[in-house]
Amino acid sequence: MAEMVSNKQVILNNYVSGFPKEPDMSITTNTIQLKVPEDSTGILVKNLYLSCDPYMRPRMQKLDGSYVESFKPGSPIYGYGVAKVLDSGHPRFKKGDLIWGMTGWEEYALIATPQSLLSLFKIQHTDVPLSYYTGILGMPGMTAYAGFYEVCSPKLGEYVYVSAASGAVGQLVGQFAKLLGCYVVGSAGSKDKVDLLMNKFKFDEAFNYKEEEDLNAALKRYFPEGIDIYFENVGGKMLDAVLLNMRARGRIAVCGMISQYNLDKPEGVYNLTTLISKGIRMEGFLVPDYYHLYPKYLEMIIPHIKEGKIVYVEDVAEGLESAPSALIGLFSGRNVGKQVVAVARE
């Protein structure tokens, strides 16, 4: 008989309206057999790190026609994570493999659906922190890479603006733009985050959007000649102000709109006619559509990490019990850098 062990899980209690709160989730303890069921092609993993990401907020409500499914009340929530394979019925994975991809928010998880198994990547480079595979070497890294290089088609010397610039994706977009020789400005929500953008990530300029009464005027101050590329993470009033400051033939990569996720009625955007008058291209994108570029991305990013040309800041919460608080903290800007939950050490 395979060993039975206790298994802590983060459960969604009910669908969420407005800002999520810790009581919307609960920690329960179950038991799990550390073996893949007979005739299953799934894998049984021990979760090491879990990724807290803004896209998880919409999944906490009932969705219709979305690219992702809602979480199921009464069941564990799930998201990107780093895990070690304990047992496998799948030819692509063996015991001892380290993987990143979609996993349940629990200590141990059975990953068995074909779609979930297809989303998993084997970790080849273990001479970097494993937690990086929730961030710079995982989904957020690929998001920054695809959104900036593939969607925005950047050129040397262009003017680049990044909102939510100290987060998991924004900190990388700004550094990619600097490597390319662009002028880069980022915004964030605290003095500490602005200092991080300037001193750690070497942005040309940065500002605290909470201290700006007029976002349009703030952007004119930092971009007197206008913006060529806007990497959109915020939406709402920020997007409206950016539209007024875009240059002709500018590009906007729509990665996320975190300001809208907790609103029952999303804010309207009023300056869309500038897309016509300035010939601006605004394009949303989903990172799984670019995962075929992951090997190419690793070839670029691993040397940059080892040479110190790209740095990455994480905010690590310890223990599965801290996961609900860590996730909720994203929406008040409590995290500094990529929010990670350390569940276990390898």
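**Exercise 1.** At what angle do helix H2 and helix H3 pack, and how far apart are their axes?

*Solution.* Keep in mind as you go that this is a predicted model.

Step 1: Find helix H2 at residues 139–151 and helix H3 at residues 170–179. They pack at an angle of about 45°, with their axes 9 Å apart.

Step 2: Roughly parallel needs an angle under 35 degrees, and roughly perpendicular needs 65 to 115. H2 and H3 are therefore oblique to each other.

Step 3: List the residues that touch. H2 contributes Pro-140, Gly-141, Ala-144, Tyr-145, Phe-148 and Tyr-149, while H3 contributes Leu-172, Val-173, Phe-176 and Ala-177.

Step 4: Sort them by class. The contact of H2 with H3 has nine nonpolar residues, one polar residue and no charged ones.

**Exercise 2.** Describe the crossing of H5 and H6, and sort its contact residues by class.

*Solution.* Step 1: Locate helix H5 at residues 215–222 and helix H6 at residues 236–245. Their axes come within 9 Å and cross at roughly 45°.

Step 1: Apply the angle classes again; H5 and H6 are therefore oblique to each other. Their crossing is right-handed.

Step 2: Pick out the partners. On H5 these are Leu-215, Asn-216, Leu-219 and Lys-220, and on H6 they are Lys-237, Met-238, Ala-241, Val-242, Leu-244 and Asn-245.

Step 3: By class, the contact of H5 with H6 has six nonpolar, two polar and two charged residues.

**Exercise 3.** Return to H3 and work out which word describes its orientation to H8.

*Solution.* Step 1: Helix H8 covers residues 294–306, and the axes of H3 and H8 come within 13 Å, crossing at roughly 85°.

Step 1: Angles of 65 to 115 degrees count as roughly perpendicular. H3 and H8 are therefore roughly perpendicular to each other.

Step 2: In the contact, Leu-172, Phe-176 and Leu-179 of H3 meet Tyr-297, Met-300, Ile-301 and His-304 of H8. Six of these residues are nonpolar, one is polar and none is charged.

**Exercise 4.** How many aromatic pairs does a search of the whole structure find?

*Solution.* Step 1: The search finds 21 aromatic pairs.

Step 1: Look at one of them, Tyr-183 with Phe-223, at 5.9 Å centre to centre and 85° between the planes. Planes over 60 degrees apart count as edge-to-face, and this pair is edge-to-face.

Step 2: Trace the chain between them. Tyr-183 lies in strand E9 (residues 183–188), and Phe-223 in the loop between H5 and strand E11 (227–232). The two are 40 residues apart, so the pair links distant parts of the chain.

**Exercise 5.** What share of residues 8–112 is helix, and what share is strand?

*Solution.* Step 1: An unreviewed UniProt entry lists residues 8–112 as "domain: Oxidoreductase N-terminal".

Step 1: Over residues 8–112 the chain is 0% helix and 43% strand, with the end C-alpha atoms 19 Å apart.

Note on methods
Residues numbered from 1 in each chain as written. Predicted model: local features only at pLDDT ≥ 70, side-chain atom pairs only at ≥ 80, totals over all residues. Heavy atoms only, no water. Axes fitted to C-alpha atoms, helices over the stretch in contact; angles between N-to-C directions. Helix = DSSP H or I, 4+ residues; strand = E, 2+ residues; numbered from the N terminus. Parallel < 35°, antiparallel > 145°, perpendicular 65-115°, else oblique. Contact = heavy atoms within 4.5 Å. Nonpolar A, V, L, I, M, F, W, Y, C, P; charged D, E, K, R; others polar. Left-handed = near helix turned anticlockwise from the far one by under 90°. UniProt positions renumbered as here; feature names shortened; annotations may be inferred. Phe/Tyr/Trp six-rings, centres within 6.5 Å; stacked < 30°, edge-to-face > 60°.
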